[in-house]
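Subject: Model handover

Hello,

Here is the model I promised to pass on. Please have a look before you read my notes.

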Amino acid sequence: MAAPVEFPDAVDVVRTYLQAALDAAGLGVRVVTRVPTSRPASFVRIERVGGSRIDRITDRPRLDFECWGPDEGAVADLVKVARALVFAIPGWRGVAAYDVVDVGGPNSSPDPESGQERASFAVEVSLRGKALAAP
């Protein structure tokens, strides 16, 4: 019998990667999983909205990204950079992400409650699992 396989938390893996990549680019934009109560001028929100296990060792979660900013230009710039960085995740520091597929290109979707500018995009990321350690 094959050992059970566990998968990394996709949102945590991609959030950690994207935060480090944005910091390295000198952008100083927070990457979060929930809209902050006190919203900064710009930030990126990531949420897992589905996806499925492809085979015994591959999980392919769908992740939605919302890029927020003070105006349309800032949001357009942020979404271009964030999206490019997400597609560069395969091979990052040994993370088990080995494929990124576009499932929803950038689209404008200002927040209906606050009116703040926002754009979103969606990807599926293939993540490799690992065998659970024996108890």
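Below is what I found, from the whole chain down to single residues.

This is a predicted model, in which local features need pLDDT of at least 70 and side-chain atom pairs count only at pLDDT 80 or more, while totals for chains, interfaces and linings use all residues. Numbering starts from 1 along each chain as its sequence is written, and side-chain values use heavy atoms, with hydrogens and water left out.

Overall picture

The protein has 2 helices and 7 strands. Both types are DSSP runs numbered from the N terminus: helices are H or I with at least four residues, strands are E with at least two. The order from the N terminus is β-α-β-β-β-α-β-β-β. Along the principal axes, the C-alpha atoms fill a box of roughly 55 × 30 × 25 Å. Of the 135 residues, 39% are buried (under 20% relative accessible area; exposed is over 50%, partly exposed in between; 1.4 Å probe, protein chains only). Take the contacts (heavy atoms within 4.5 Å) between residues at least 6 apart in sequence: 58% of them join residues at least 24 apart.

Helix α1

Helix α1 covers residues 10-24, 15 residues in total. From first C-alpha to last it reaches 21 Å, close to the 21 Å expected at 1.5 Å a residue (the expected span is 1.5 Å times one less than the number of residues). D9 caps its N-terminal end, with a side-chain oxygen 3.0 Å from the backbone nitrogen of V11. Just after α1, G26 has a positive phi of about 75 degrees.

The buried residues of α1 are A10, V11, V13, V14, Y17, L18, Q19, A21 and L22. An α-helix has 3.6 residues a turn, so residues three or four places apart point the same way. The cover over the buried residues of α1 includes β2 (30-32), β3 (43-55), β4 (58-69), α2 (72-87) and β6 (117-128).

Two residues to check

A82 sits in helix α2. A82 counts as buried because its relative accessibility is 0%. Leaving out residues up to four places away in sequence, A82 touches L18, C67 and F121.

Q116 lies in the loop between β5 (97-108) and β6. Why does Q116 count as buried? Its relative accessibility is 14%. Beyond its neighbours within four places in sequence, Q116 contacts R39, P40, A41, W68, G69, P110 and D111.

Best wishes

Terms used. A polar contact is a pair of N or O atoms within 3.5 Å; within protein, one must be able to donate a hydrogen and the other to accept it, and residues adjacent in sequence count only if both atoms are side-chain atoms.
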